[in-house]
Amino acid sequence: MKLLTCHDLCISYNGQLVVDHVSFSLEQGQYLCIVGENGSGKSTLVKTILGLVKPQAGHIAFSNMQRKEIGYLPQQTQVQKDFPATVFEVVLSGCLNTRGMRPFYSRKEKDLALKNLELLGIGNLRKKSYRDLSGGQQQRVLLARALCATKRLLLLDEPVTGLDPVITAELYSLVKRLNQEHHITVVMVSHDIASAVTYADQVLHMGSHMLFFGSVQQYRTTELYRHMTGGCDCD
Amino acid sequence: MIDFFVDFFSYHFLNRALLVGVLVSLCAALLGVSLVLKRYSMIGDGLSHVSFGALSIAVAFHWAPLPVSIPVVMAAAFCLLRLSENSKIKGDAAIALISSSALAIGVIVMSFGSGMNADVYNYMFGSILAVSQSDVWISVSLSVIVLTLYALFYNKIFSVTFDENFARATGTKAALYNMLLAFLTAITIVIGMRLMGALLISSLIIFPALTSMRVCRSFQGVVILSAAIAVVCFFIGLLLSFLFSTPAGASVVVVNLMALVVFTLLGKCLRRAR
């Protein structure tokens, strides 16, 4: 069943066309990696899917879910690095999209936040301050918050930036587990083509216009993939 | 000791100043947590200067000061937010532009009136005598509005403060809540400005938040402790100003400064102990 369809998207950023006639669709339960160089329009595409940036042309359709039900893991901002908030407060804020105009959280949201903390193996950190955590722990907290916001679709914008290789591998397999065991559809923006073809099942290669969209198996056979990985099939 | 307090509370103007001051400190401290974390602290400073300009014009034309200044400062808050978001002119430069212009206009308007020096001094550094009985009512009701709105939207304000992009992506109207913060700040500044002075009022926004962040680990903790610190510091500041005949606004700021120093040291000790 289709979850997300992007049809003929054109998006400008600072007056420059960065996404040029991009179309793709995503089935429920798939794991899509959006790869490409810096400035290839990956992040802009993600922001458009989220509704933070308006496309110049084309449209995005969601079936079976609303746009505000996307679990988004943004890139970390400067403000967050030194932010006095407990892990629980941060994760709970992911439940805000179901509250509407009701001002306070109920037992149901608090239980959901606790459940997601346990799911990601950080239940013991819930009273810790966000600013005292390591980079990998902070990403897990933000992932737990994203899970509170969604039941179906996770959208991760370069989640492993600044993490060491061990933590990076842990985070990748965590996301894979959510995809396989909890049937959450995943869209991940990444620089890292080698990991993309290891974990994902779909690839969208951006270079302002769409260079490739299809399954990982097909992607491995392309000239583009061989060029990007320096001629060897490294996985 | 008891005589001192009996003496202190026997002055009606002091009681009025205490009531309005405590409420303003409370509002400013709550809003300040978000403003400081969002790197908006200078907006408070900019708005106080605009408030100075608006007040001096109101006084020159014999208009009621609060009803004139509040809409003007709200409009300025709206412009400042817009400017810092669509950053053709960078936020800090925009604030400097607006605040010095408003200050200049205010001083020129005042110079046409009489008693330029005393008025300017009072507006710059605050006056304990400035709070009239009708001001008390306006101030109390506005503060109640600010506190109620803050409590109702607390969770949304947290989300927008911590991560604006996430908040927007999950359907929270971040621009609306930024505007709410700016408007509430505008109201708070106008109410408190004549008591604290245009140059000193922004300290009420910045100090308590920074002080409580030295020791608290949760957002809720920071908010509650800031509110407590702000109220206690205002009260002590006013007492000291009465005791030593020092200017009230300046005394409150100095007490806040001392609290910041004490809590910074306390924070260092706590971190070592953990």
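# Chat about the A–B model

Modeller: One thing to start with: Asp163(B) and Arg145(A) form a salt bridge, with the closest N and O atoms 2.7 Å apart. This is a predicted model.

Colleague: How many salt bridges are found across the interface of chain B and chain A?

Modeller: The rule finds one between chain B and chain A. Polar contact is counted as well, and there the count between the two chains is twelve residue pairs, both residues at pLDDT 80 or more.

Colleague: Which helices of chain B supply the side that touches chain A?

Modeller: α7 (133–152), α8 (154–162), α9 (164–169) and α12 of chain B supply at least two residues each. The most comes from α8(B), with seven residues.

Colleague: And how do the residues on that side of chain B divide into nonpolar, polar and charged?

Modeller: On the side of chain B that touches chain A there are 13 nonpolar residues, nine polar and five charged.

Colleague: How many residues are in contact, counting each chain?

Modeller: 27 residues of chain B are in contact with 34 residues of chain A.

Colleague: What area do the two chains bury between them?

Modeller: About 2700 Å², and 62% of that is on carbon and sulfur atoms. On the chain B side, Phe162(B), Phe166(B) and Arg217(B) lose the most area to chain A, together 27% of what that side buries.

Colleague: Where is confidence lowest in chain B, and where is it highest?

Modeller: Helix α6 (residues 116–125) of chain B is lowest, at a mean of 74, and helix α12 (residues 219–244) of chain B is highest, at 95. For chain B as a whole the mean pLDDT is 88, with 95% of its residues at 70 or more.

Colleague: Changing topic. Where is Lys38(B) found?

Modeller: Lys38(B) is in the loop between α2 (12–37) and α3 (41–60) of chain B.

Colleague: Is Lys38(B) buried or exposed?

Modeller: Lys38(B) counts as buried because its relative accessibility is 9%, and the cut-off for buried is under 20%.

Colleague: What does the side chain of Lys38(B) make a polar contact with?

Modeller: With the side chain of Glu164(B), at 3.1 Å. Leaving out residues up to four places away in sequence, Lys38(B) touches Val160(B), Thr161(B), Glu164(B), Asn178(B) and Leu181(B).

Colleague: What about Arg39(B), where is its place?

Modeller: Arg39(B) is in the loop between α2 and α3 of chain B. Arg39(B) counts as exposed, at 51% relative accessibility. Its phi is near 60°, a positive value in a residue other than glycine.

Colleague: How many residues of helix α1 in chain A are buried?

Modeller: Seven of the nine in helix α1 (residues 42–50) of chain A, so the helix is mostly covered. Among the buried ones are Leu45(A), Val46(A), Ile49(A) and Leu50(A), and also Lys42(A). Just after α1(A), Gly51(A) takes a positive phi of about 85°.

Colleague: Back to salt bridges. What is the count over all chains?

Modeller: Eleven by this rule. One of them joins the side chains of Arg99(A) and Glu109(A), at 3.2 Å from N to O. Arg99(A) is in the loop between α3 (87–92) and α4 (107–119) of chain A, and Glu109(A) is in helix α4 of chain A, ten residues apart.

Colleague: Are Arg99(A) and Glu109(A) buried or exposed?

Modeller: Arg99(A) is buried, with a relative accessible area of 9%. Glu109(A) is buried too, at 4% relative accessibility.

Colleague: And which residue does Arg107(A) form a salt bridge with?

Modeller: Asp111(A), with the closest N and O atoms 3.4 Å apart. Both lie in helix α4 of chain A, four residues apart, about one turn of the helix. Arg107(A) is exposed, at 54% relative accessible area, and Asp111(A) is partly exposed, at 37%.

Colleague: Which helices hold Glu170(A) and Arg140(A)?

Modeller: The side chains of Glu170(A) and Arg140(A) meet in a salt bridge, 3.4 Å from N to O. Glu170(A) lies in helix α6 (residues 165–181) of chain A and Arg140(A) in helix α5 (residues 135–149) of chain A, so the pair ties together parts 30 residues apart in sequence. Glu170(A) counts as partly exposed, at 37% relative accessibility, whereas Arg140(A) counts as buried, at 18%.

Methods. Residues are numbered from 1 along each chain as its sequence is written. Chains are lettered from A and ligands numbered from 1 in the order in which they are written. Side-chain values use heavy atoms; hydrogens and water are left out. pLDDT is the predictor's confidence in each residue, from 0 to 100. Contact means heavy atoms within 4.5 Å. Buried area is the accessible area (1.4 Å probe) that two parts lose on being put together, summed over both. A salt bridge is a side-chain nitrogen of Lys or Arg within 4 Å of a carboxyl oxygen of Asp or Glu. A polar contact is a pair of N or O atoms within 3.5 Å; within protein, one must be able to donate a hydrogen and the other to accept it, and residues adjacent in sequence count only if both atoms are side-chain atoms. Ala, Val, Leu, Ile, Met, Phe, Trp, Tyr, Cys and Pro count as nonpolar, Asp, Glu, Lys and Arg as charged, and the others, Gly among them, as polar. Buried means under 20% relative accessible area, exposed over 50%, partly exposed in between (1.4 Å probe, protein chains only).
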